[in-house]
Amino acid sequence: MTPLQTRSLVLRGVAATVCAAVVLGGPVAAFAATGPSAPSAAAVSAHHSARGAIVSVKHVQHLSVAQVVANLKENEFDHSRVRYGVDAYRIVYRTVDGHGAPTTASGLVVLPRNGSRHLRVVNYTHGTMSAASEAPSVDDGGKSTEGLAIGSAGYAVVEPDYLGLGVGPGHHPYMNSATETTASVDMLRAAFAFSHRTDRTFNKNVLVTGFSQGGAAAMLLGKALQAGEIPGVRAAAIAPISGPYDIQNAELPAMFAGQLDPTDSAFYMGYMLTAWNRTYHLYDKPSEAFNAPYDKTVAPLFDGKHDEGEIFAALPASFRDLITPKFLALLEHPTGKLAAALKQNDQSCTGWRPNIPVQIYAAYGDEQVAIDNAYSCQRSLADSGAGATLVDLGNYGHLDSGRHGLAAALDWFIAQAPPR
């Protein structure tokens with residue numbers, strides 16, 4: 001297996017995190033300052049009641065125990081917890097975009113074929129991906145290996161694709177905290193509605209985990225559920241894995257210090273700046289942020305139609321060759337719109353005090369997401385008065401930290417809230 005193929009096995013990412021308005025002010029407050037195109041509060045309120053409504057359901061996977069084990073082995077995941085075959089369903093549901101306007105998104109629900117009428121739920125948020133076709137609900141390479149690992153252990157699994165991925169319209173607003181949160185919350189709403197169609201009941205105490213970009217998204221979902229976003233549904237425990245919870249003070253310094261792989265950083269920074277420019281208007285022309293010839297090629301690469309293999313082949317070997325000196329200086333010492341965007345998206349571990357168990361998984365050998373992110377998250381939660389355990393997985397690279405972290409998180413969930 002080539003390094004490029006390995007990159008595509010496990011979804012990776014730098015996390016998007018939620019602004020406090022989502023949790024403290026609800027959807028209207030979250031989108032009130034997004035610009036002149038934002039809808040009125042009345043329009044947002046009218047649509048809010050439809051958020052999470054199911055548009056369509058498609059049965060996309062039916063696997064035996066042997067087929068699940070084969071998938072996990074092929075993708076180098078631990079298969080020791082496999083007990084059941086699974087069925088998986090793609091759900092298209094109603095949600096809101098970054099301006100609070102109605103849109104749709106998709107996600108995957110994985111159910112164990114165990115005959116149980118009552119299921120505990122694990123919500124899994126995936127890592128960075130560039131192609132919409134790689135999303136959990138549509139990936140023809142085996143759907144979500146993580147979902148299969150969790151579902152075959154006996155849990156119902158809920159996995160949002162996020163906006164613009166899967167079969168959702170538009171570009172993916174990468175690292176946009178508000179939309180990651182609303183897409184995750186509304187997918188969970190849709191999953192609970194879907195459970196009634198299967199004549200099965202989902203436990204409303206939800207276990208939450210996610211890897212890389214999804215590690216921070218998991219914290220954000222826990223934050224939103226604790227704030228009452230879905231009445232009656234709460235997070236029971238959170239186990240984020242290798243997430244970049246503090247981009248400004250942990251991830252970017254590690255990148256400039258040479259602690260992270262420069263080619264991976266070129267991918268992440270190209271994706272982030274392109275997506276954030278659509279949201280925050282960081283620059284007028286791509287040439288302000290990207291060196292030639294990349295100023296003409298980077299934005300088209302992140303259109304949801306190119307996979308990581310195509311993008312890496314078109315990028316330089318280092319982020320320093322991709323980004324102009326002006327923007328390198330801005331990333332190293334953020335000011336203005338960039339500083340404001342970072343502040344808005346670096347709040348997954350700040351501004352709340354979890355009242356549930358939190359176990360953070362990270363690896364000191366991670367070459368893509370610095371372990372300092374995990375230490376920063378733990379400190380922030382401690383400052384709020386909440387305790388969180390940090391488990392250093394060891395000298396694993398990013399993708400291996402995802403595999404081993406998921407196995408550890410699943411063991412932790414089984415120990416305190418076994419599937420039933």
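1. The model under discussion is a predicted one. Tyr-155 sits in the loop that runs between α5 (145-151) and β6 (156-160).

2. The surroundings of Tyr-155 deserve attention. When neighbours within four places in sequence are left aside, the residues in contact with Tyr-155 include Val-110, Pro-112, Arg-120, Val-122, Ile-150 and Leu-207. Also among them are Leu-410, Phe-413, Ile-414, Ala-417, Pro-418 and Pro-419. For Val-122, the C-alpha to C-alpha distance to Tyr-155 is 6.4 Å, although 33 residues separate the two in sequence.

3. A polar atom of the Tyr-155 side chain lies 3.4 Å from the backbone nitrogen of Ile-414.

4. For the chain as a whole, the secondary structure consists of 16 helices and eleven strands. The chain has 420 residues, of which 60% count as buried. Its accessible surface is about 15000 Å², and carbon and sulfur atoms hold 52% of that area. Among contacts with a separation of 6 or more, 82% involve residues 24 or more positions apart.

5. Aromatic pairs form a further topic. The whole structure contains 13 aromatic pairs. One of them joins Phe-267 and Tyr-268 in an edge-to-face arrangement, with 5.5 Å centre to centre and 70° between the planes. Phe-267 counts as buried because its relative accessible area is 0%, and Tyr-268 is likewise buried, at 2% relative accessibility.

6. A stacked pair is formed by Tyr-271 and Phe-302, with 4.7 Å centre to centre and 15° between the planes. Tyr-271 belongs to helix α9 (residues 262-280), while Phe-302 is in the loop between α10 (294-301) and α11 (308-314), so this pair ties together parts that are 31 residues apart in sequence. Tyr-271 and Phe-302 are both buried.

7. Which residues do ring pairs link into a cluster? The members are Tyr-174, Phe-267, Tyr-268, Tyr-271, Phe-302 and Phe-312. The edge-to-face pair of Phe-267 and Tyr-268 and the stacked pair of Tyr-271 and Phe-302 thus both have their residues in this cluster.

8. Strand β8 (residues 205-211) is mostly covered, with six of its seven residues buried. It pairs with strand β5 (residues 121-125) in the parallel sense over four bridges. In that pairing, Asn-123 stands opposite Val-208 of β8.

Key:
Residues numbered from 1 in each chain as written. Predicted model: local features only at pLDDT ≥ 70, side-chain atom pairs only at ≥ 80, totals over all residues. Heavy atoms only, no water. Helix = DSSP H or I, 4+ residues; strand = E, 2+ residues; numbered from the N terminus. Contact = heavy atoms within 4.5 Å. Polar contact = N/O pair within 3.5 Å; in protein donor to acceptor, adjacent residues only side chain to side chain. Buried < 20%, exposed > 50% of the residue type's maximum accessible area, 1.4 Å probe, protein only. Areas by Shrake-Rupley, 256 points an atom, 1.4 Å probe, with all protein chains shown as cover. Phe/Tyr/Trp six-rings, centres within 6.5 Å; stacked < 30°, edge-to-face > 60°. Pairing = 2+ DSSP bridges.
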